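Biologist: I would like to learn how to read features from a model. Please take me through one, step by step.

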Amino acid sequence: MELDPDDVFRDDDEESDNEFYQEHEATKEYVVYLVDASPKMFSTTCPAEDQTDETHFHIAVSCIAQSLKTQIINRLYDEVAICFFNTRKKKNLQDLNAVFVFNVAEREQLDRPTARFIKEFDHIEESFEKEIGSQYGIVSGSRENSLYNALWVAQGLLRKGSSKTADKRILLFTNEDDPFGSIKGAAKNDMTRTTMQRAKDAQDLGISIELLPLSPPDEEFKVSHFYADMIGLEGDDLALFMPSAGQKLEDMKDQLRKRMFSKRIVKRISFIIANGLSIELNTYALIRPTVPGAITWLDSVTNHPLKTERSFICADTGALMQEPAKRFQPYKGENIKFSVQELSEIKRVSTGHLRLHGFKPLSYLKDYHNLRPSTFVFPSDKEVVGSTCTFIALHRSMLRLKRFAVAFYGNPSNPRLVALVAQDEIVRAGGQVEPPGMHMIYLPYSDDIRPVEELHSDTDAVPRASDDEVKKAAALMKRIDLKDFSVCQFANPSLQRHYAVLQALALEEDDMPEIKDETVPDEEGMARPGVVKAIEEFKLSVYGDNYDEEGDVKVSEASRKRKAATENAAKECANYDWADLADKGKLKEMTVQELKLYLMAHNLSTTGRKETLISRILTHMGK
């Protein structure tokens, strides 16, 4: 079977640069939301934005619901489970009391969130008391320990998958800082000890437990009573963790969002420093453009994703064939055969590891060498013990000597030289601003760098701004400068609306969520007296007193050409009797260029095939 040469030698993981733009199965997360459903969660309230009081249970549920809607867009492969404890009814695989795992039909307890799952969870408060119920699961005189049971159920849910290929987390929502406060004596010590051991067992299996505390407006959640020991907080970490007394819903959402949007390891690579010495590095994509998700084809009946399969059919018998073991490429009248293994070896330019070549002074690295977003690398002792120590020694030496490392890196289809630039840690009063590590900058090939082409004017006199004009422009820019600007401050309004429409369709919502366009100029800020004065001074300096803003419109060269082409088309168009040609069906006999004369003369689109142009003409003529 003859294949296109590009197809024969195309790598199986072509365009693998997209690994930094896509979510992979290897970086998925398994998350269990543990929500305290005791009566205290329903009786304690906090003031909301609209001055109404909201219960802590409502705050927790609304935060999780918002997180699920965001997750289904941003982290497609992540799987979640929602578990309530201190409940009257029980529903879990271990059949433990006071623990209820929320789920819907046709979905595993730990699975990707679906539209039905999110929709029913949105309305869980309306039927919670009837369908699930609330009670205190830890009371004096009883050996029942609902928190222990909840951790056991959560650990059972997170048995799925390996901790090497997925991050496993338990997010605990509660407003009770001392769950065993009502119990005294040996019973309290025993229940505290067993719960701590259950939490430690989960952490030993690679499961992280994170607390999201809720506190009344006039009280402080005292994490030191119990949870500090359970999640391993001490010293400065304990002081920084203590939540403020008047925590609001927005603070809770921001806290959850920060926990959920953790940096993901894109890839683990080996860094070969010398013969026999290599360390393990984790790579992170710091900033990447956000694009809409890939299109998924669904079955029109079941709505399940479709899987594309390719089969080979014998041209003589019509029977299905297996893919041939050999492929060939025509060359000088002869078919050169290749096996799959030979093609794989031909394409294997590199092994995918990072190999150190040497060091250069930082002054040799130029701004224009950075062709694409860099990748951040950080050591890991998970597979190669001692990687961190070796990396630190190399990192400190590069900072001290002001050098960067030159290394060879790349997949078989895109090998490149890279520069490893060490970054020192930056710590301020609020904590760490920049982590220590290295930025991997992808260096260009020689043909990636092109000389700058200057656009010369037809006349010798090239207009130059005067000193006064430059001064006024600088004053204007200073007035409208955005302080501490970051691209992360502004959301893409087009993407926001795209996902808002998808969400409304999937959840069958009546109202379309309102999207705030943060890229629109700040009219209120532009109307400040200082800004208005700077704008007027700049216009006066550049255009003078007699400038007519509406009348002095400069027509570009392209506009003049389009206008001339339209006028010429109108003249040529007048030579044809278009109505007669349409009635007699002779438009099909005309050339594409002749048909475009009519379209250009009437300011209609000229794109498309000949049949499309004829249809457009007939529509315009009303025939």
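Biologist: What should I know about the source and the numbering?

Modeller: This is a predicted model, where local features need pLDDT of at least 70, side-chain atom pairs count only at pLDDT 80 or more, and totals for chains, interfaces and linings use all residues. Residues are numbered from 1 along each chain as its sequence is written, and side-chain values use heavy atoms, with hydrogens and water left out.

Biologist: How many helices and strands are in the protein?

Modeller: The protein has 20 helices and 20 strands. These are DSSP runs, numbered from the N terminus: helices are H or I with at least four residues, strands are E with at least two.

Biologist: How do I read burial?

Modeller: Buried means under 20% relative accessible area, exposed means over 50%, and partly exposed lies in between (1.4 Å probe, protein chains only). Of the 623 residues in the protein, 35% are buried. The protein exposes about 39200 Å², and carbon and sulfur atoms supply 51% of that area. The areas come from the Shrake-Rupley method with a 1.4 Å probe; for residues, only the protein chains shown count as cover.

Biologist: Is Lys 69 buried or exposed?

Modeller: Lys 69 counts as buried because its relative accessible area is 15%. Lys 69 sits in helix H3 (residues 56–74). Beyond its neighbours within four places in sequence, Lys 69 contacts Ile 118, Asp 122, Gln 503, Leu 507 and Glu 509.

Biologist: Now charges. What is the general idea of a salt bridge?

Modeller: Side chains of opposite charge can pair when their charged atoms come close. The criterion is a side-chain nitrogen of Lys or Arg within 4 Å of a carboxyl oxygen of Asp or Glu. The structure holds 19 salt bridges. One of them joins Asp 95 to Lys 90, with the closest N and O atoms 3.4 Å apart. Lys 90 is partly exposed, at 38% relative accessible area.

Biologist: Why are Asp 190 and Arg 193 separated by about one helical turn?

Modeller: They are 3 residues apart in helix H7 (residues 185–204), so about one helical turn separates Asp 190 and Arg 193. Their side chains form a salt bridge at 2.6 Å, N to O. Asp 190 is partly exposed at 25%, while Arg 193 is exposed at 52%.

Biologist: Which helix holds both Asp 468 and Lys 472?

Modeller: Both lie in helix H13 (residues 467–479), 4 residues apart, about one turn of the helix. Asp 468 and Lys 472 form a salt bridge at 3.1 Å, N to O. Asp 468 is partly exposed at 37%. Elsewhere, salt bridges with shared partners join Lys 28, Glu 79, Glu 108 and Lys 160 into one network.

Biologist: And how do I read surface patches?

Modeller: Patch residues have over 30% relative accessible area and no salt bridge; like charges are joined within 9 Å, and nonpolar side chains (Val, Leu, Ile, Met, Phe, Trp, Tyr) within 5 Å. Lys and Arg count as positive, Asp and Glu as negative; His and the chain ends are not counted. The charge is placed at NZ of Lys, CZ of Arg, CG of Asp or CD of Glu.

Biologist: Which residues form the positive surface patch?

Modeller: Lys 478, Arg 479, Arg 528 and Lys 533 form it. Arg 528 lies in the loop between helix H15 (523–526) and helix H16 (529–543). Arg 528 is partly exposed, at 43% relative accessibility.

Key
Contact means heavy atoms within 4.5 Å.
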